[in-house]
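The sequence and structure are shown below.

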Amino acid sequence: MAHPPLLHLVSEADYRAHFESLYCCVPVHTFDGIAVRFRKTDFDHCCFESSRRDGVKDRFSSKRAERLDWIKVALEDPNSERYQGWDKARKRYNAKRRVTLVMGNYVVVIAMQGKKKAQFVTAYVADTPARSGRKSTVDKIKMSPRWTWKNR
């Protein structure tokens, strides 16, 4: 599935308004029938990043914001790769987290909240490369168990 072109809006406020109008009014339905809901505050999580890589999302990311339209495309793509999410606190995979990988390195994460309902968690470009014996972000995702209806 081809990805949409990058968005080039004037300001952070314009990206926020675009996100809210596209995602916060009605759920997005995945190709397999899951209704994914978005909150207005989800914009902050998916369009900001940490300037110090310390987990504090303090800097608006045009790289993330330009790909807002890719979220819907990723969720609707039946050819996407889907993996279980990693629970960092418990140090194990979580089948209620669905990590969708499309276009090589674009990631969309949703949290299942029932049989056919989910909440959007985040979306980002997984661009951390492999280095010093550490795997790239994409390699780590691909090491995860595949997400299926059975294991959620």
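The sections that follow treat overall architecture, salt bridges and a charged surface patch.

## Overall architecture

The model is predicted. The protein chain contains 5 helices and 8 strands. Read from the N terminus, these elements follow the order α-β-β-α-β-β-α-α-β-β-β-β-α.

The C-alpha trace extends about 40 × 40 × 30 Å along its principal axes. Of the 152 residues, 41% are buried.

## Salt bridges around helix 1

The structure holds 8 salt bridges. One of them joins the side chains of E12 and R16, with an N to O distance of 3.6 Å. Both residues belong to helix 1 (residues 12-23), where they are 4 residues apart, or about one turn of the helix. E12 is partly exposed, because its relative accessibility of 31% falls between the limits of 20% and 50%. R16 is likewise partly exposed, with a relative accessible area of 23%.

R16 also forms a salt bridge with D44, and here the closest N and O atoms are 2.7 Å apart. Since R16 lies in helix 1 and D44 in helix 2 (residues 42-47), this pair ties together parts that are 28 residues apart in sequence. D44 counts as partly exposed, at 32% relative accessibility.

K72 is partly exposed, with a relative accessible area of 30%. E76 is also partly exposed, with a relative accessible area of 28%.

Elsewhere, salt bridges with shared partners join E12, R16 and D44 into one network. R16 takes part in the bridge to E12 and in the bridge to D44.

## Positive surface patch

R53, R131, R134 and K140 form a positive surface patch. Within this group, K140 is located in helix 5 (residues 137-143).

K140 has a relative accessible area of 45% and is therefore partly exposed.

Key:
Residues numbered from 1 in each chain as written. Predicted model: local features only at pLDDT ≥ 70, side-chain atom pairs only at ≥ 80, totals over all residues. Heavy atoms only, no water. Patch = residues over 30% accessible without salt bridge, like charges linked within 9 Å, V, L, I, M, F, W, Y side chains within 5 Å. Areas by Shrake-Rupley, 256 points an atom, 1.4 Å probe, with all protein chains shown as cover. Salt bridge = Lys/Arg side-chain N within 4 Å of Asp/Glu carboxyl O. Lys, Arg positive; Asp, Glu negative; His and termini not counted. Charge placed at Lys NZ, Arg CZ, Asp CG, Glu CD. Helix = DSSP H or I, 4+ residues; strand = E, 2+ residues; numbered from the N terminus. Buried < 20%, exposed > 50% of the residue type's maximum accessible area, 1.4 Å probe, protein only.
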